[in-house]
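Please read the following account with the structure open beside the text, moving from the whole chain to its strands and then to single residues.

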Amino acid sequence: MSEITPSQTVGPFFAYGLAPHSRCEWRPEQGKDVYDWKNTATADLVTADTSGTKIRIEGRVLDGDGMPINDAMLEIWQADAQGRYAHPADNRPRPNTRFMGFGRSATDKNGVFSFDTIKPGSVPGPNGKAQAPHIVFCIFSRGMLRQIYTRLYFPDEAANAGDPILTLVPPDRRGTLIASKETQGEMPVYRFDIRVQGDNETVFFEI
Amino acid sequence: MQEGDNDLTKQHKGEPLGERIIVHGHVYDEDKRPVPDTLVEIWQANACGRYVHNVDQHPAPLDPNFTGAGRAIADKNGYYRFITVKPGAYPWGNHHNAWRPNHIHFSVFGHSFLSRLVTQMYFPGDYLFPFDPIFNSVTEEKARERMVSKFDLENTIPDWALCFRFDIVLRGREATPQDTDKH
């Protein structure tokens, strides 16, 4: 039996530690003499050498009553536009060496989060079967013992029909994993609301 | 990341009040192999049990010399080290007379999103353990013990600071990353 350190809730006060320049307001009025803190992670994943289609992902985190959760944190992991991961286990050549494919956003008072990134390519999946382009979402929130995981899929991808993970999900619930597309000016915006419980709860994965 | 991010007592003009402590340890994978170069982030209340976060309305003083956030990159042996002050216990509105034991929040990455861990580090022998639903949300006693740091006399610095050791074991194994890629 392994000796894994147990998970504990992120609680309500993480914002100044994990996401200090974020949507969450945390700073007390008198906080003049503040440490010149540089973010370890941001909601903007796009680096100078990133190729591919720039997109924005925007959504809300909602509770069982459909009310916004204003102190959640989200982290995303994704491949680059060529479907390559910035991870030692992925040893294929990677043209976007600075693109880490990792981002972090807190929610604001309306439960809203957003990420600026590029649309990922399709990636190899279990048994060599291709997975449709997708982004892994990890949600941390007060009251949750451990983070929960879900995936964002894109509405304009024929490959969704054969995706080995998406097809594990009952057809009537797959919609919770598929973002809707809008445009703001030139920028494609994918809207992705996450319902942590209740009616139309987002599908979460046990991993 | 920048130099000094792992010393929470040096982020302002003066030193924070409270008991200066060293918190250090190793990050391991499930096979007890060190997890090198991984990001460890912490946040905590000040010595009076007050968070700098504006949602915290506990009537204990803020410390102008303490924010309570730090981070470190574990070295090639998975070793990390922080200098901070011991956080105070504080009340929270969960139930009548509810108090959180002294704790430091930890966020650790590891090899992939599968190993991602957010937890809380406690101090040995805390009298609030039996009453804290968050500590006891981990139902197995042996598992709860893994969230409790150990007093480390050997690394306590004479005339300067007590030391606590907190080793962290993440899910997953570096040697066989494919094995963890099941959903």
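This is a predicted model: local features need pLDDT of at least 70, side-chain atom pairs count only at pLDDT 80 or more; totals for chains, interfaces and linings use all residues.

Residues are numbered from 1 along each chain as its sequence is written, and chains are lettered from A and ligands numbered from 1 in the order in which they are written.

Taken along the principal axes, the C-alpha atoms of chain B fill a box of roughly 50 × 40 × 35 Å. Buried residues make up 43% of the 183 residues in chain B, where a residue is buried if 20 or more other C-beta atoms lie within 10 Å of its own, exposed if 12 or fewer, and partly exposed in between, with C-beta atoms placed from the backbone. The secondary structure of chain B comes to 1 helix and 11 strands, in the order β-β-β-β-β-β-β-β-α-β-β-β from the N terminus on; helices (H or I, at least four residues) and strands (E, at least two) are DSSP runs, numbered from the N terminus. Among contacts in chain B between residues at least 6 apart in sequence, 69% join residues at least 24 apart, a contact being a pair of residues whose C-beta atoms, placed from the backbone, lie within 7 Å.

Which residues have the most contacts inside the largest nonpolar core? That core has 81 residues, and the ones in question are A:Met73, B:Val27 and B:Ile168; a nonpolar core is a set of buried Ala, Val, Leu, Ile, Met, Phe, Trp, Tyr and Cys residues joined through C-beta atoms within 7 Å. In soluble globular proteins, nonpolar side chains tend to be buried together. Leaving out residues up to four places away in sequence, B:Val27 touches a set of residues that includes B:Val35, B:Val40, B:Tyr80, B:Ile168 and B:Leu170.

The loop between β1 (20-28) and β2 (39-44) of chain B holds B:Lys32, and B:Asp37 is found in the loop between these strands too. B:Lys32 has a phi near 65 degrees, a positive value in a residue other than glycine, and B:Asp37, likewise not a glycine, has a positive phi of about 55 degrees. B:Lys32 counts as exposed because it has 12 other C-beta atoms within 10 Å, and B:Asp37 is also exposed, with 12 such atoms.

In the segment before β1 of chain B lies B:Gly18, which is partly exposed, with 18 other C-beta atoms within 10 Å. Its C-alpha atom is separated by 8.9 Å from that of B:Gly88, 70 residues apart along the chain. Beyond residues up to four places away in sequence, B:Gly18 touches B:Asn46, B:Ala47, B:Val85 and B:Lys86.

Strand β3 (residues 69-73) of chain B is mostly covered, with 4 of its 5 residues buried. This strand is joined to β2(B) by 5 bridges in an antiparallel arrangement, two strands being paired if DSSP finds at least two bridges between them, and B:Glu41 has B:Arg71 in β3(B) as its bridge partner.

The hairpin of β9(A) and β10(A) has 2 residues between the strands, and in it A:Gly185 takes a positive phi near 65 degrees.

Chain A also holds an open sheet of 4 strands in the order β3-β2-β7-β8, with antiparallel pairing. Its edge strands, each pairing on one side only, are β3 (102-106) and β8 (148-153) of chain A. Within this sheet, β7(A) and β8(A) pair over 6 bridges, and A:His134 stands opposite A:Tyr153 in β8(A).

Finally, the contact between the chains takes 38 residues from chain A and 43 residues from chain B. On the side of chain A that touches chain B, α1 (15-18) and β7 (134-141) of chain A each supply at least two residues, and the largest share, 4 residues, comes from α1(A).

Note on methods
Two residues are in contact if their C-beta atoms, placed from the backbone, lie within 7 Å.
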